[in-house]
Amino acid sequence: MSARAATAPPASPRLTAWRLLANNRLAAAGLCLILLIALLALLVPLLPLPDPDATAPAERLKPVLTEGHLLGTDQLGRDILSRLLWGARISLAVGLTATLIAAVLGSAVGIVAGYAGGRADNLMMRGIDMLMAFPYILLALAIVAALGPGLMNALYAIAVVNIPFFARNVRGVTLGYAHREFVDAARLSGKRPLSIVVTEVLPNVLPVIVITMSTTAGWMILETAGLSFLGLGAQPPQADLGSMLGEGRAQLFTAPHVSIVPGIMIFLIVISLNLLGDGIRDVLDPRLRSGALARPGPVTHVAPGRAAPRNTAKDAALSIEGLETGFRRGRDVLPAVRGVSLNVRPGECLGLIGESGSGKSVTALSVMGLVASPPGLIRNGAIYLKDEDVLTMPETRLIASRGSRVAYVFQDPLTTLHPMMPVGQQVEEAIAAHQLLGAAERREKAVTLLDKVGIPDARERARHYPHQLSGGQRQRVGIAMALANDPEVIVADEPTTALDVTVQARILELLRDLQRERGMALLFITHDFGVVSEICDRVAVMKDGEIVETGETRQVLADPQHAYTKRLIACVPELGTGDRFLERVAGLFRREAQVS
């Protein structure tokens with residue numbers, strides 16, 4: 001049978017860095033505030049302000065909003081507004097310069113140590129450890145005491161004590177990249193170490209360096225102000241925010257504005273830089289642009305005006321009607337699944353087949369509201385477990401239904417199983433989530449399940465960790481966890497893709513036997529028609545987020561109606577065809593191109 005032709009999804013505007021930053025209101029506020037302060041600091045020589053160092057004893061300690069002195073005067077009659085802007089200029093310059101020096105030196109140490117490893121890494125990191133052994137403020141005080149009080153010496157001290165922070169962070173990230181496949185490929189291509197560091201490692205580490213700079217710049221400005229507050233930074237008559245705060249503490253009770261005004265300015269600079277640092281982190285991490293690292297809700301968001309079609313398959317264990325699921329990109333929603341309707345009856349296996357990116361996994365995750373929101377959004381459609389619409393379930397009931405009524409078997413058990421927990425204990429957790437059993441009873445049931453799915457010497461294997469099992473055994477553990485609470489529906493999302501052919505055949509046979517024995521509905525997701533022909537009663541073919549053909553497996557295999565289905569079937573290799581297989585596939589694609 002044929003279905004309507006799939007239409008291309010509408011283009012979604014790319015989420016630019018500025019747009020992403022603007023979406024973070026706090027970061028945008030921080031950017032506007034720091035730009036305003038920086039602009040005033042840059043333009044202060046052009047502003048009609050009094051000389052910041054000119055004293056006028058007759059005008060001393062004037063209050064805020066005095067005529068000619070908007071923020072009042074200090075104990076020597078100097079204009080506080082003028083000194084505030086000049087002091088902010090100096091504090092920003094010194095703090096940002098110290099941040100840049102610490103970032104360059106610390107990152108260089110971290111990258112070299114992380115990439116070189118061995119003795120070089122050990123020597124460099126032990127030196128960093130020696131610096132970190134001293135409380136940073138005491139080390140800064142010691143450096144300034146040795147060099148002498150002064151603004152430049154304070155800059156050097158703050159930069160030096162923050163080098164270990166950058167070195168440690170960057171080294172940890174570099175270690176993660178030093179032996180990645182793309183770096184090994186660069187080595188095999190004949191690149192020199194310096195070239196590899198500059199072209200392969202540094203671009204991946206650079207976002208971490210920038211993020212660290214943005215989040216520590218405010219702290220380093222605060223440290224500089226602290227040294228000046230103690231009289232070790234800017235020296236009279238030169239003023240920065242820290243020295244203004246220190247000079248004003250003597251008038252805290254008689255003229256509090258003298259110290260409060262620079263204190264507020266320090267607070268505004270530091271908080272704006274910290275807020276901006278969070279926004280820069282979002283901009284530089286491409287996963288945050290896609291919403292991949294956004295904190296997901298417990299269930300997928302459902303649009304308020306959702307159209308909910310009625311259930312057309314009352315006897316089905318699972319029925320999906322007109323499902324539309326998309327992903328937010330800024331203010332737009334990019335559709336991933338459009339108008340999907342399918343159903344699975346008890347004891348039946350439905351194969352959902354399509355190429356990567358066709359929407360199969362999004363459909364499967366939508367069943368139990370597992371598409372991460374944000375950015376996932378179910379815009380229309382209904383999902384029925386028997387006669388109950390999943391999308392109208394209370395959150396607590398939906399969460400309780402996961403694992404008890406609908407269970408999942410995922411593609412890669414090594415990433416879905418807990419690496420620090422024995423597999424038997426993980427099966428026990430699946431049981432305990434929905435059944436009130438004693439510890440001994442749970443343990444026996446877990447061993448029984450492991451034995452049921454074909455784990456040899458199940459009682460002993462239950463004590464093993466995932467890395468101690470083979471790929472096929474890990475997948476069997478995943479199946480045991482799915483069966484733990486006798487679900488009505490099992491969703492198997494390409495559970496055999498990562499396995500070799502012989503193990504794949506055994507897993508398929510196991511799934512089919514267990515499904516028939518327990519009368520469960522099985523939604524089997526794959527991209528291989530060869531697998532579909534072995535296990536599935538019916539098949540639904542998916543392309544570009546739409547179902548283009550459904551029918552009995554034998555019927556679809558024998559007489560496919562949709563051109564896309566024909567191509568998928570033609571791409572299944574057959575023994576003995578040799579070069580004729582490639583000619584057959586190429587010929588089919590040529591005919592499709594001529595027709596279109």
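A cavity is a set of points on a 1 Å grid over the protein atoms alone where a 1.4 Å probe fits but cannot get out, and a pocket is an open set with protein on both sides within 12 Å along at least five of seven lines. Lining residues have an atom within 4 Å of a point. Grid points are joined across faces, edges and corners, and a volume is the space filled by probe spheres set on the points. This is a predicted model, in which local features need pLDDT of at least 70, side-chain atom pairs count only at pLDDT 80 or more, and totals for linings use all residues. Residues are numbered from 1 along each chain, and side-chain values use heavy atoms, without hydrogens or water.

**Largest pocket**
- Its volume is about 550 Å³.
- Of its 23 lining residues, Tyr-408, Phe-410, Ala-430, Met-481 and Ala-482 are the closest to the centre.

**Largest cavity**
- The structure holds 2 cavities of 30 Å³ or more.
- The largest cavity has about 60 Å³ of space.
- Asp-74, Gln-75, Ile-80, Arg-83, Met-244, Glu-247, Gly-248 and Val-258 line the largest cavity.
- Helix H3 (80-116) and helix H9 (241-248) each give two or more of these residues; helices are DSSP runs of H or I, at least four residues, numbered from the N terminus.
- H9 gives the largest share, 3 residues.

**Second largest cavity**
- The second largest cavity has a volume of about 40 Å³.
- Its lining is Ile-479, Leu-483, Ile-490, Leu-511, Leu-514, Gln-515, Met-520 and Leu-522.
- Helix H19 (501-518) gives the most to this lining, with 3 residues.
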